[in-house]
Amino acid sequence: MNYLTIENISKAFGDRVLFKEITMYVNQGDKVALIAKNGTGKTSLLNIVAGLETPDTGKVWLHPHIQTVFLSQEPALDENATVFDAVYNSQNPVMKAIAAYEASMLNHSDENAMQNAISEIDRLNAWNYEARVKQILSVLDVNYLDRKIKALSGGQRKRVALAKVLIDEPDFLILDEPTNHLDLEMIEWLQDYLSKSKITLLTVTHDRYFLDAVCNQIVEMDHGQLFKYQGNYTQFLEKKAERELNMAIVLDKTKQLFKKELEWMRRQPQARGTKAKARIDEFYDIEEKSKMKLGEDQVQLDIQMTRLGSKILELHNVSKSYEGHNLFKNFYYNFARMDRVGIIGRNGTGKTTLLDIMAGLIEPDNGKVVHGDTLSIGYYNQKGMKLKDDKRAIDVVKDIAEYIPMNGGKKMSAGQLMERFLFDGPKQQTFVSKLSGGEKRRLYLLTLLIRNPNFLILDEPTNDLDIMTLQVLEEFLQQYPGVVVVVSHDRYFMDKIVEHVFVLGDGDQIRDFPGNYTDFRLAREEELNAAKAENVTTKAEQKSEQKSRVYVSQEDRKEFKKIEKQIQKLEEDKAKITEQFNSAGISSDKIIELSKQLQAIQAELEEKEMRWLEMSEMM
């Protein structure tokens, strides 16, 4: 069944064309990812599909008899509503019953309402659904149901909105960067949930592990066109390389044809016939195709780093608490040259707080932070991105430096540097207010690096950056001769960059684990499995002990003593009868009688001995 049809739609803002006459389809069961560079129209396309924007040309058709939900990067929620209202507001009878039950649980004084709600859930057989709702809220850490939406942070709002759409279970789900504001455990849960779900999905995300695990179709937007690939992200990379190789061959032939047609154009007089005009129109089409660029522009980040001394940055028994809760305690670490450190932990465990302490923005409760004399920190954080909307992009850079020192004693102008960050001439003259979210982050990263830092602190640097920029940033950080400390929910990025991780949230001690994020996760799974096995063994032993304590009662102990005496008496009787067999002059009738007695004693003795063994094990 077809859920979505996009036919020949175009979108432009002034002279800037995002896409032109593109067509795509999404069918039931598809899990489609849209990939493109920042500023090329990914979010605009999703907004058009969701009906929030209109295309300049073409049409969009959504199946009218399915439930479609769009979760944007900044979801619209009623500011005055509570989280409870936002999550449980639904016309679904099952959700209404669950909402009534949860409301009655919050208001224990109304026992009739609680009983009615329980009866309604019983009637609808909805207890499994209620448990699923609780699981989603728990995993996404939405445990503040009585708070107003206007009191929530951006990350909390995003998680509330995500919980709502997952609970509603729409037929068709459209997600714009769903992993932003989620910690690593939440992302892995969402990844597993969507991969197993029957929901049809259209998403924009830069999380490459997510793309590999969830999506079965990749649609790439390149030079205003769409290219469709069956398979996950890894398969997309292979097929894209084949497409670009074929396009390179076609482009080479097109350029040769363009040269030939250009010579013809120059030879022809101004007055031309109908056939000549048709050839002229074709010439302009060939000219446009011949100017197409293959591959992605590369961001060259060979900026010279300020010299780094022997003493870099030291943390001496640093502690920090928040509202009476210890985030971390007595943490010691001495950074070395070329350190590559990742910081992981659930939301609220103090990751950003630790970065702020390193940067000297806040003081620890106890301990001290020592900065080396040559230390120059470049801190990329969410709060620090304050670009003036009324400035042109080139002026933002020039306000910091006209020239940037490069390796080998060379210099690069601000404009040249911007070109290497994918800001071409027209884009450099664009006002900050007109840049996309990803372009603003790229510009912010540029303003950070031209300050020539030797210690980089990156707090969620991957948010809103396209995959192409991420790949270049990864290559730069791998070659960067200074120290890198990074907090990121992008697992692929972490695996490529970091060599060991600080783990927060496991008590008040920060754990320094050698290895990248995947190494830690696998080691953590082994630890949990070992703990589970030990727990099962302990429970079995406890159960066995409990079982023994139940069966060995006072009466059992008396019976055990009694059986011991009975066995002793039977052994004595058996010995006496055996002696009589040896008596002289014993008659045949007496032998028969004694034999019967002996058999009876032997049978009773065996029975008593068996019971004694059973009770002996219990004892």
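**Entry 1: salt bridges within helices**

I began with D573 and K569, which sit four residues apart in helix α19 (residues 554-581), so about one helical turn separates them. Helices here are DSSP runs of H or I with at least four residues, strands are runs of E with at least two, and both are numbered from the N terminus. The side chains of D573 and K569 meet in a salt bridge at 3.0 Å, N to O. I counted a salt bridge when a side-chain nitrogen of Lys or Arg is within 4 Å of a carboxyl oxygen of Asp or Glu. K569 has a relative accessible area of 45%, so I noted it as partly exposed. My classes are buried for under 20% relative accessible area, exposed for over 50%, and partly exposed in between, with a 1.4 Å probe and protein chains only.

I also found that salt bridges with shared partners join D506, R511, R524 and E527 into one network.

A note on ground rules: this is a predicted model, so I asked for pLDDT of at least 70 for local features and 80 or more for side-chain atom pairs, while totals for chains, interfaces and linings use all residues. Residues are numbered from 1 along each chain as its sequence is written, and side-chain values use heavy atoms, with hydrogens and water left out.

Next I looked at helix α5 (residues 127-139), where E130 and K134 lie four residues apart, about one turn of the helix. Their closest N and O atoms are 3.3 Å apart, and they form a salt bridge. E130 is buried at 9% relative accessible area, whereas K134 is partly exposed at 39%.

**Entry 2: a salt bridge between strands**

How many salt bridges does the rule give? The count comes to 26. One of them joins E7 and K59, with the closest N and O atoms 3.9 Å apart. E7 belongs to strand β1 (residues 2-13) and K59 to strand β4 (residues 57-62), so this pair ties together parts 52 residues apart in sequence. E7 is partly exposed at 30% relative accessibility, and K59 is exposed at 53%.

**Entry 3: strand β8**

Is β8 buried or exposed? Six of the six residues of β8 (residues 217-222) are buried, so the strand is largely enclosed by the rest of the structure. Q217, V219 and M221 point one way, and I218, E220 and D222 the other.

I then checked its partners, taking two strands as paired if DSSP finds at least two bridges between them. Strand β3 (residues 31-35) pairs with β8 in the parallel sense over four bridges, and I35 has E220 as its bridge partner. The β8-β9 hairpin has two residues between the strands, and H223 takes a positive phi near 55°.

**Entry 4: an open sheet**

Last, I traced an open sheet of six strands with mixed pairing, in the order β14-β17-β18-β12-β19-β20. β14 (377-380) and β20 (511-514) are at the edges with a single partner strand each, so one side of each has no neighbour in the sheet.

β14 and strand β17 (residues 455-459) run parallel, joined by four bridges, and Y380 has L458 as its bridge partner. Helix α16 (residues 467-479) packs on the sheet and touches β12 (340-344), β17 and β18 (483-487), where contact means heavy atoms within 4.5 Å. The direction of α16 makes about 145° with that of β17. For such angles, axes are lines fitted to C-alpha atoms, for helices over the stretch in contact, and angles run from 0 to 180 degrees between N-to-C directions.
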